[in-house]
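Dear colleague,

I am passing a structure on to you, together with some notes on what was found in it. Please open it first and keep it beside you while you read.

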Amino acid sequence: MTTKPFISVCVAIYNVDKYLYECLYSLKNQKLKNIEFILVNDCNTDNSIDICKKFCEHDSRFRLVNNKNQGLLSIRKAGIKESSGFYTVFIDGYDYYTNNESLEKIFNIVNKYNDIDIIRFGYEYIGEKKHYIINRSPYASSRKEKKCILDSFLALKYIYERCDSGCNLIFHAFKTQILKKIVDFIPDEYFTLSGDDFLLFISIYQSKNYAIIHSDPIYSYRERSDVSTYLIDIYHFRDIAKRVRITKWIDDKLQIDNCEKKYFYISKIMRHRLLIDTAQMLRKLPSTDQSQGFDLMVNEGYLPETV
């Protein structure tokens, strides 16, 4: 009889062969053994797939699944659909777990605090060639406390009022059943348009508690010098402008659920951040396309004063 994995690790892989060995070895060498690794191939054109196949051939815990190139959140969704563990975590193929006890620490946190829906843990920011390392440990309610357990509203308020880096899924562990329910009712369109912050918002909203654990780094987040700021053209900006539809969907969801007004306050903050980000992208368009880009924003319902 096959034992159900405790943790499913979903790995986003898109042309990261330069870093992928370090990432996958950091998984393979974890002390916690009751885990599975779901390697999501997002139409790679380098040697990433060959590297993945080697790990799959030598360790049955590794599985390779293919995904259409539709953005990072669609990769997350593909991993969630394949997850069979009690908890699910995410890692990007150019990052790695800080040491071989990282996933065991998550296991111990779950056992210690009992029935936590979502766990936020510490990470470290790795500079190019590891010239510098910055430890990022999440907030606890006081310096003496090693944890802070919040309800869904307080967790959302904490993240969005602070413009917190915690909007990234990779610094969290989730009960898999929560994620699976979410991906079943969110329309596919929003997995193409949106990013990690959207799925995190809905996950926290659907949860009963959110634990912020003051810990040594579990995840190593890499700064990459080979990723330059990409140029925005009007074709890509059309999709960027459509992202505001996500906040409209969230508001509709909150209304259907007859939510307290305080949740709409968080949705408003999220929408404002999205508007500012989109306006910044507008300024990166060639000057000849900015007027058309502005019209796209207005047609999607953006407020002119944000541009």
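This is a predicted model: local features need pLDDT of at least 70, side-chain atom pairs count only at pLDDT 80 or more; totals for chains, interfaces and linings use all residues.

The largest cavity holds about 40 Å³ of space, and its lining is made up of Cys10, Val11, Ala12, Val40, Ile75, Arg76, Gly79 and Phe90. Sorted by class, the lining of the largest cavity has six nonpolar residues, one polar residue and one charged residue.

The other finding concerns a pair of helices, α1 (residues 17-28) and α2 (residues 48-58), whose axes come within 9 Å and cross at roughly 20°. Because angles under 35 degrees count as roughly parallel, α1 is described as roughly parallel to α2. The crossing in which α1 passes α2 is right-handed.

Which residues in α1 and α2 meet? On the α1 side they are Asp17, Leu20, Tyr21, Leu24, Tyr25 and Lys28, and on the α2 side they are Ser48, Ile51, Cys52, Lys54, Phe55 and His58. By class, this contact of α1 with α2 has seven nonpolar residues, two polar ones and three charged ones.

With best wishes

Conventions:
Residues are numbered from 1 along each chain as its sequence is written. Side-chain values use heavy atoms; hydrogens and water are left out. Axes are lines fitted to C-alpha atoms, for helices over the stretch in contact, and angles run from 0 to 180 degrees between N-to-C directions. Helices (H or I, at least four residues) and strands (E, at least two) are DSSP runs, numbered from the N terminus. Angles under 35 degrees count as roughly parallel, over 145 as roughly antiparallel, 65 to 115 as roughly perpendicular and the rest as oblique. A crossing is left-handed if the near helix is turned anticlockwise from the far one by less than a right angle, and right-handed if clockwise. Contact means heavy atoms within 4.5 Å. Ala, Val, Leu, Ile, Met, Phe, Trp, Tyr, Cys and Pro count as nonpolar, Asp, Glu, Lys and Arg as charged, and the others, Gly among them, as polar. On a 1 Å grid over the protein atoms alone, a cavity is a set of points where a 1.4 Å probe fits but cannot get out, and a pocket is an open set with protein on both sides within 12 Å along at least five of seven lines; lining residues have an atom within 4 Å of a point. Grid points are joined across faces, edges and corners, and a volume is the space filled by probe spheres set on the points.
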